[in-house]
Amino acid sequence: MNQTLPVQKNEYYDIQFEDLTHDGAGVAKVEGYPIFVPNGLPGEKAKIKITKVNKGYSFGRLIEIYEKSADRVDAPCPIYKECGGCQLQHLSYEGQLKAKEKQVRDVLTRIGKLNDVLVHPVLGMEDPWRYRNKAQVPVGEREGGLIAGFYQKRSHEIIDMRACLIQQDINDEVVQTVKEVCEKYGVSAYDEKRHKGTIRHIMARHGLVTGEVMVVIVTRTPDLPHGKRIVEEIVSRINGVKSVIQNVNTKKTNVILGDETRVLWGEEVIYDYIGDVKFAISSRSFYQVNPEQTKVLYEQALSYADLTGEEEVIDAYCGIGTISLFLAKKAKKVYGVEIVPEAIEDAKRNAELNGIENVEFAVGEAETVIPKWYEQGITAEVLVVDPPRKGCDESLLKTILDMKPKRVVYVSCNPATLARDLRILEDGGYQTQEVQPVDMFPHTTHVECCVLLVKK
Ligand code: SAH
């Protein structure tokens with residue numbers, strides 16, 4: 001027992017939640033000492049049990065809610081409690097948007113010391129369900145039959161799933177159909193522990209605008225028993241299938257896709273549009289999972305870039321060139337840089353597909369390539385960054401400060417690293433003008449931000 005702490009493990013306390021953490025747990029305090037409790041909502045009075053204590057904070061379990069938040073709703077998904085995919089289904093969608101706005105504001109103030117920056121209300125979805133265009137579902141066995149579903153929270157037990165309410169309907173249909181057909185032909189599921197069995201994952205990708213569907217069957221073995229029959233049934237049963245792919249992953253690993261990809265039927269890629277830009281999507285391509293909100297986000301970035309057609313633009317962390325191609329139509333020239341070589345191949349192919357010629361893509365670290373460009377005299381009036389969760393490398397921020405673009409558009413999937421980077425840019429002579437959060441992942445705690453900075 002730690003007598004100096006205000007709460008003790010395994011004891012019960014009556015508390016009131018004040019806030020939400022960035023991962024969706026309720027925050028309560030006893031004598032200023034924080035307790036994080038999954039499923040608690042701000043304003044609620046509840047009984048909790050302390051499950052773990054640390055020096056500076058503790059964790060608890062919700063035992064009983066005495067006074068419910070007006071924003072509390074019944075989670076519509078039957079496996080919400082077991083599955084780790086969503087964290088906020090017990091909070092109304094309006095409540096989620098308000099919580100995300102507050103989270104962005106708090107972090108910008110606390111970490112970025114940006115006290116009165118303009119943060120707009122989060123742009124949410126009109127219908128925040130069934131938005132994901134890609135499913136990757138592990139397959140297992142139970143009582144001789146196949147099951148497919150997500151892993152239980154903090155474990156590798158598969159929960160059999162009929163429907164995932166954040167997936168586009170067709171993806172559920174693909175998963176169910178492939179599972180049924182494989183079961184019918186006696187294909188075994190991969191057994192992680194013994195590294196035996198055949199089918200590891202079912203992956204579905206869907207072009208929302210084109211309606212095209214890709215089915216990917218990930219197997220441990222190069223051979224897919226009864227492959228021909230299985231493919232015939234899949235193609236006849238699912239509308240819109242344009243591509244059936246087998247991916248072979250022979251390794252003992254958590255990584256989903258292996259190195260070998262075979263087209264079992266149809267095309268190697270499917271197509272989709274964001275706005276009027278067309279994209280080819282292969283089984284391995286990175287492609288934003290919420291296409292409707294991606295359009296909202298990119299339109300915001302384009303609007304902040306405020307292009308007249310005369311500007312040179314750099315798109316750092318460009319992935320498959322989505323933002324670059326979006327901007328190219330309004331810019332004189334766009335330079336994209338990205339670390340994954342296959343993504344740059346896709347970016348080039350996508351530029352060609354759209355007949356866009358004023359773009360140039362390079363493979364490498366943004367923090368290495370952009371300084372080189374700068375030495376060669378390539379600069380930009382507008383610079384866009386869309387880094388991974390860890391944010392921009394400090395040396396890239398330094399190069400931006402040397403290069404002095406008029407405007408920086410910062411697209412971020414992590415408010416904490418965004419705030420840190422904005423502080424560096426502010427100290428170097430930029431002003432954060434406005435922040436537009438966009439809800440790309442309803443019912444999860446993720447929030448995306450698009451930020452406009454201008455040179456002072
Ligand atoms: N702008 C793209 C992708 C953003 S995701 C889109 O909207 O689709 C972030 C990207 O940064 C990923 O593609 C990742 O591979 C890439 N990346 C990660 N570290 C990088 C680095 N140091 N330099 C350049 N790209 C990097």
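The structure is a predicted model, in which local features need pLDDT of at least 70, side-chain atom pairs count only at pLDDT 80 or more, and totals for chains, interfaces and linings use all residues. Residues are numbered from 1 along each chain as its sequence is written, and side-chain values use heavy atoms, with hydrogens and water left out.

**Domains and their contact**

- The domain assignment (automatic or from a database) gives domain 1 (2-67), domain 2 (101-125 + 290-455) and domain 3 (134-274).
- The C-alpha centres of domain 2 and domain 3 are 34 Å apart; their contact (heavy atoms within 4.5 Å) takes 10 residues from domain 2 and seven residues from domain 3.
- The buried area between domain 2 and domain 3 is about 580 Å², with carbon and sulfur atoms giving 83%; buried area is the accessible area (1.4 Å probe) that two parts lose on being put together, summed over both.
- In domain 2, Pro291, Phe326 and Leu353 lose the most area to domain 3, together 50% of what that side buries.
- Between these two domains there are zero salt bridges, a salt bridge being a side-chain nitrogen of Lys or Arg within 4 Å of a carboxyl oxygen of Asp or Glu.
- Helix H4 (291-305), helix H5 (322-328) and helix H6 (341-353) each supply at least two residues of the side of domain 2 that touches domain 3, and H4 gives the most, with four residues. Helices (H or I, at least four residues) and strands (E, at least two) are DSSP runs, numbered from the N terminus.

**Helix H8**

- Leu396, Leu397, Thr399, Ile400, Leu401 and Met403 are buried in helix H8 (residues 394-403); buried means under 20% relative accessible area, exposed over 50%, and partly exposed in between (1.4 Å probe, protein chains only).
- Among the elements covering these buried residues are helix H7 (366-375), helix H9 (415-427) and strand E20 (430-438).

**Salt bridges**

- The whole structure holds 25 salt bridges.
- Arg237 pairs with Glu180, with the closest N and O atoms 2.6 Å apart. Arg237 lies in helix H3 (residues 227-237) and Glu180 in helix H2 (residues 169-184), so the pair ties together parts that are 57 residues apart in sequence.
- Arg420 and Asp421 meet in a salt bridge at 2.9 Å, N to O; Arg420 is partly exposed at 35% relative accessibility, whereas Asp421 is buried at 1%.
- Salt bridges with shared partners join Glu180, Lys184, Glu233 and Arg237 into one network.
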